[in-house]
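Dear colleague,

I am handing over the structure below, and my notes on it follow. Please read them with the coordinates open.

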Amino acid sequence: MMDIVIKQRVTRPKNPPPIMSIGLGGIVHDAHYPAYKIAGFDVIGGFDIDPSRAKMMQEKFSIPKIYSSIKELVQDAPHDVVFDVAVPGDAILDVLRQLPDGSAVLIQKPMGENLTQAEVLLLLCRQKNFAAAVNFQLRFAPFIIAARDMIDRGLIGNIYDIEARIQVTTPWHLWKFLFPLPRVEILYHSIHYVDLFRSFVGNPTRVYAKTINHPASSNITGGTRSTIILDYGDNPRVNISTNHNHQYGTDKQESYFKFEGSKGAIKVTAGLNMNYPDGLPDKFEYILLDELEAGWQTIDINGSWFPEAFIGTMASLMHYANGETTVLPTSVEDAIHTMAVVEAAYQSTQDGGTAIKSSW
Ligand SMILES: NC(=O)c1ccc[n+]([C@@H]2O[C@H](COP(=O)([O-])OP(=O)(O)OC[C@H]3O[C@@H](n4cnc5c(N)ncnc54)[C@H](O)[C@@H]3O)[C@@H](O)[C@H]2O)c1
């Protein structure tokens, strides 16, 4: 059995700059602010187009100041502030246009509603010289930091097989803004796994995908179930399979990421998806070929996807903005590749599979 300590958390920036929020919705309530509280990051102000929502969030999280417009918030912003933007994908461009050149900006995923919007956002970030990252926080979930540490140390060898399997009941009603959208499941959910797997094995060359609706989610026509194959040639095999309409109780729900290598394998059960947003317990398991007779081992992981992963995306931007590193893992320059894979997945759905001969 391994006698080494596996990394589970990111390092805290030396002097965390203050944060100003634009958009104070569900994800800020459930994950951003709980994460910042744990990390000791200061939120000094916020704005939401819905004043009653802003007031509720101010009272609940003691936000020192709520502004009545982005303009007003920007006028009051200290020079080293990080803007934490958490609005629906189609509202991002208008928000970014109003931020000062040279700002540090963390943008909630997705990076716009399609690749064309993502490209416009990328150009704007370049023109305005932003230090800009997209909030692909799953990369920084403690169980993923642990998996990455094991993989980087070569403990499971060369990676041959990666899989995300999600079979859950997702409360889509929490995101009413998704109802009319043409793209839902891949763009707003599976995008996390596309981005995560890219962060381990780079960009796939091709994608095969199919995303479909489910009669039980009749409000949503942009897909609630997807099958995505990221094509890396012979190796690794990389698959994402999601069914958000598993209506048969928690017993047979599944939500895991699995990495199989030449020397071992890791299976991470992500409880968050199984009882969103409160979650069920996670589990981190691994097995090494050298120790096969010992079977699968479990490592206790401190923290989860919600909220601890959200420390990571904010901390990485703070490190970068503070000049403590030149690496910004989820920068818009990187995130555009995740958006390109998502676009290709929708294109693949539209193009359809290979027709099957049916008459002789
Ligand atoms: N794990 C994750 O990364 C994760 C999870 C959930 C949601 N999200 C993302 O976060 C974003 C917001 O999702 P949510 O769950 O908080 O949705 P939500 O509907 O609960 O909140 C969105 C908030 O943004 C506000 N808003 C809309 N346009 C605005 C604008 N122009 N300026 C200021 N405020 C504006 C709304 O009034 C609302 O309060 C979405 O893009 C979603 O993809 C990410």
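Two strands are taken to pair if DSSP finds at least two bridges between them, and helices (H or I, at least four residues) and strands (E, at least two) are DSSP runs, numbered from the N terminus. This is a predicted model, in which local features need pLDDT of at least 70 and side-chain atom pairs count only at pLDDT 80 or more, whereas totals for chains, interfaces and linings use all residues. Residues are numbered from 1 along each chain as its sequence is written, and side-chain values use heavy atoms, with hydrogens and water left out.

I begin with the strands. Strand 1 (residues 19–22) runs parallel to strand 3 and is joined to it by four bridges, with Phe83 of strand 3 as the bridge partner of Met20. Strand 3 (residues 82–85) in turn pairs with strand 4 in the parallel sense, again over four bridges, and here Asp84 has Leu106 of strand 4 as its bridge partner. Between these two strands the chain passes through helix 4 (residues 92–97), and this β-α-β crossover is right-handed (with the strands pointing away from the viewer, the path from the first strand over the helix to the second runs clockwise).

Strand 4 also pairs in the parallel sense with strand 5 (residues 131–134), over four bridges, and Val105 stands opposite Ala132 of strand 5. The chain gets from strand 4 to strand 5 through helix 5 (residues 115–127), in a β-α-β crossover that is right-handed.

As for side chains, Val82 and Asp84 on one side of strand 3 and Phe83 and Val85 on the other are all buried (under 20% relative accessible area, with a 1.4 Å probe and protein chains only). In strand 4 (residues 104–107), Ala104 and Leu106 point one way and Val105 and Ile107 the other, and all are buried.

Finally, the helices. The axes of helix 1 (residues 26–39) and helix 8 (residues 305–321) come within 7 Å and cross at roughly 70°, the axes being lines fitted to C-alpha atoms over the stretch in contact, with angles running from 0 to 180 degrees between N-to-C directions. Helix 1 and helix 8 are therefore roughly perpendicular to each other (65 to 115 degrees).

Definitions and conventions. Buried means under 20% relative accessible area, exposed over 50%, partly exposed in between (1.4 Å probe, protein chains only). Angles under 35 degrees count as roughly parallel, over 145 as roughly antiparallel, 65 to 115 as roughly perpendicular and the rest as oblique.
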